[in-house]
Structure formats: C-alpha cells, structure tokens
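Student: I'd like to learn how to read a structure like this one. Can we go through it together?

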Amino acid sequence: MKKLRVGVVGCGGIANGKHLPAMKRNGNFEIVAFCDLIEERAQKAKKEYGTEDARVYTDYTELLKED
C-alpha cells in the first residue's frame with residue numbers, strides 16, 4: 001500500500017500528544033514536513049516523527065508551495 005505523504009502545521013501539545021503519535025502508529029503516513037512558529041518545536045517533531053528528508057518551516061505558506 002502506498003503511504004500518504006503529509007505536512008503538519010502546528011507542532012505543539014495536541015500534535016505531539018495525539019495527532020503525530022497516531023499517524024506514526026497507523027503506518028500509512030510519511031510525515032515529510034513540519035511547520036510551527038517556533039522552529040525548535042518543528043525540529044523536535046521532525047526528529048521524532050519525520051522522514052529522514054523531512055523539511056521544517058516557520059511559515060505555513062512556504063510549506064504549501066511545495067509539492
């Protein structure tokens with residue numbers, strides 16, 4: 001089965017407590033982009049949940065420009 005490649009906007013408490021762990025457990029997702037106003041939060045989420053080549057953004061409009 002082909003995995004759905006996703007980008008996450010907002011890497012705070014709810015994302016880290018619910019959404020990201022659920023996507024990781026599900027196994028049908030590749031999280032390839034993380035966006036948060038606080039870059040360190042996005043970097044932390046990338047390390048824990050992202051693909052090796054995942055990108056980090058602080059501006060969601062830049063994330064949305066990507067394929």
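Student: Which side chains meet in a salt bridge at 2.9 Å, N to O?

Tutor: Side chains of opposite charge can pair when their charged atoms come close. A salt bridge here means a side-chain nitrogen of Lys or Arg within 4 Å of a carboxyl oxygen of Asp or Glu. In this structure, Arg-41 and Asp-36 make such a pair, at 2.9 Å from N to O. Keep in mind that this is a predicted model, where local features need pLDDT of at least 70, side-chain atom pairs count only at pLDDT 80 or more, and totals for chains, interfaces and linings use all residues. Residues are numbered from 1 along each chain as its sequence is written, and side-chain values use heavy atoms, with hydrogens and water left out.

Student: Is Asp-36 buried or exposed?

Tutor: Buried means under 20% relative accessible area, exposed means over 50%, and partly exposed is in between (1.4 Å probe, protein chains only). Asp-36 is buried, with 6% relative accessibility, while Arg-41 is partly exposed at 37%.

Student: How many salt bridges does the structure hold?

Tutor: There are 4. One of them joins Glu-30 to Arg-5, with the closest N and O atoms 3.4 Å apart. That pair links distant parts of the chain, since Glu-30 sits in strand β2 and Arg-5 in strand β1, 25 residues apart. Strands (E, at least two residues) and helices (H or I, at least four) are DSSP runs, numbered from the N terminus. Glu-30 is partly exposed at 28%, and Arg-5 is exposed at 53%.

Student: Where do Lys-65 and Glu-62 lie?

Tutor: Both are in helix α3 (residues 60-65), 3 residues apart, about one turn of the helix. Lys-65 is exposed at 60%, whereas Glu-62 is partly exposed at 35%.

Student: Back to the strands: how many bridges join β1 to β2?

Tutor: Two strands pair if DSSP finds at least two bridges between them. Strands β1 (residues 4-9) and β2 run parallel and are joined by 6 bridges; Val-6 has Ile-31 in β2 as its bridge partner. Right-handed means that, with the strands pointing away from the viewer, the path from the first strand over the helix to the second runs clockwise.

Student: And what does β2 make with helix α2 and β3?

Tutor: With helix α2 (residues 39-49) and β3, strand β2 makes a right-handed β-α-β unit. Strands β2 and β3 (residues 55-57) pair in parallel over 3 bridges, and Cys-35 stands opposite Tyr-57 in β3.
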